[in-house]
Amino acid sequence: MTTKAVIGMIGAGNMGSAILAGIVKGHRVAVCEADAARGRRLKRQFPIELLDLPELCRRARVLILAVKPQVFEEVLTAIRPHVRKSHVVVSIAAGITTPYIEKRLPPGTRVIRTMPNLPAQVGRGVTGICAGKFATQADTNLARRLFASVGKAVTLDESLIDAVTAVSGSGPAYVFLFLEGWIKASTRLGLSEQLSREMVIETCAGALELLMESGEEASTLRERVTSKGGTTAAALQEFSAAKWEQTIYQAIKAARRRAKELSR
Ligand SMILES: NC(=O)c1ccc[n+]([C@@H]2O[C@H](COP(=O)([O-])OP(=O)(O)OC[C@H]3O[C@@H](n4cnc5c(N)ncnc54)[C@H](OP(=O)(O)O)[C@@H]3O)[C@@H](O)[C@H]2O)c1
């Protein structure tokens, strides 16, 4: 398989179009989209072909399934007669396992399951990738290259994908929640809403950039901001009293538990 193969995407909504924005830069892409107006919009935005399902399956070597889990079974039934040995089926659906997909497609179909996250929209996503029973190393590598076009892509065993869902899939929401609280707190101290927003977002972006560029541990940088008996120490003492670390752990465990419950 070469990267010049046509990549077919079935469903290109929020997540699909985010991924599309990255993969069109290096691949020929065809899209099958149920929402005709959305399809036309995508065609104006990206150099893609809009095809119906049979034609898309005929032309593409890779089929990215980017529809909601609720319609997933229906889509598998629709593509089943068109799936050939040369196809690699890549799913981005949360909670749908590779055995579930393999069971509904011709025997031996090569399946890759992924868990991307929303910052893929700005090319800063994190995607967990795992291989089904029949997928080859080349298939996994191809998926890695595709998702690397919208951020970081990591390969792991499917037994860890619920953890990935809890850590990076749901992760952006944890950051947004923290930022919301931080901005609100800032306005309560008398800073304007707009200034609070700017200061908090820039502080967060700056801290992240420093963390990534310095190569230092988060704990080292935290200690560098914290002098004994100072203002930061006073704030961190409150986080510690509220069992901050324990709360994060419990929250992420709850997300993983829910991912397992929803999985089929
Ligand atoms: N959003 C996230 O943060 C996130 C993160 C990780 C994984 N995911 C996964 O990404 C997948 C897509 O989520 P989303 O938020 O992008 O959903 P979405 O915005 O609803 O996009 C799905 C698109 O597929 C279209 N569609 C439905 N049935 C179709 C069919 N038979 N053939 C072709 N197109 C069809 C839908 O059209 P209609 O609207 O007309 O039905 C819609 O435009 C889900 O499985 C989700 O689990 C999402």
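1. Which residues lie nearest the centre of the second largest pocket? They are Met 15, Ala 66, Val 67, Lys 68 and Pro 69, and the lining holds 31 residues in total. A pocket here is an open set of points on a 1 Å grid over the protein atoms alone, where a 1.4 Å probe fits, with protein on both sides within 12 Å along at least five of seven lines; lining residues have an atom within 4 Å of a point.

2. The model is predicted: local features need pLDDT of at least 70, and side-chain atom pairs count only at pLDDT 80 or more, while totals for chains, interfaces and linings use all residues. Residues are numbered from 1 along each chain as its sequence is written, and side-chain values use heavy atoms, with hydrogens and water left out.

3. The protein has 12 helices and 8 strands, which are DSSP runs numbered from the N terminus (helices: H or I, at least four residues; strands: E, at least two). Its C-alpha atoms fill a box of roughly 70 × 40 × 35 Å along the principal axes. Of the 264 residues, 39% are buried, that is, under 20% relative accessible area; exposed means over 50%, and partly exposed lies in between (1.4 Å probe, protein chains only). Among contacts (heavy atoms within 4.5 Å) with a separation of 6 or more, 59% join residues 24 or more positions apart.

4. The second largest pocket has a volume of about 840 Å³, a volume being the space filled by probe spheres set on grid points joined across faces, edges and corners. Helices H1 (14-23), H4 (72-79) and H7 (161-169) each supply at least two residues of its lining. By class, the lining has 18 nonpolar, 8 polar and 5 charged residues. In this scheme Ala, Val, Leu, Ile, Met, Phe, Trp, Tyr, Cys and Pro are nonpolar, Asp, Glu, Lys and Arg are charged, and the others, Gly among them, are polar.

5. Ser 17 belongs to helix H1 and, at 16% relative accessibility, is buried. Apart from neighbours within four places in sequence, Ser 17 is in contact with Ala 12, Arg 38, Leu 42 and Phe 46.

6. In helix H7, the buried residues are Ile 161, Asp 162, Val 164, Thr 165, Ala 166 and Ser 168. These residues pack against strand S6 (110-115), strand S7 (125-131), H8 and H12.

7. Rings of Phe, Tyr and Trp (its six-membered ring) pair if their centres lie within 6.5 Å; planes under 30 degrees apart are stacked, over 60 edge-to-face, and the rest tilted. The count comes to 4 aromatic pairs. One of them, Phe 178 with Trp 244, is tilted, at 5.4 Å centre to centre and 45° between the planes. Because Phe 178 lies in helix H8 (residues 171-188) and Trp 244 in helix H12 (residues 244-262), this pair ties together parts 66 residues apart in sequence. The pair of Phe 239 and Trp 244 is also tilted, since the ring centres are 5.0 Å apart and the planes at 50°. Ring pairs link Phe 178, Trp 182, Phe 239 and Trp 244 into a cluster.

8. Is Trp 244 buried, partly exposed or exposed? Trp 244 is partly exposed, at 38% relative accessibility. Phe 178, at 34%, and Phe 239, at 31%, are partly exposed too.

9. Thr 97 lies in the loop between strand S5 (88-91) and helix H5 (98-103) and is buried, with a relative accessible area of 17%. Not counting residues up to four places away in sequence, Thr 97 touches Arg 113, Glu 158, Ser 263 and Arg 264.
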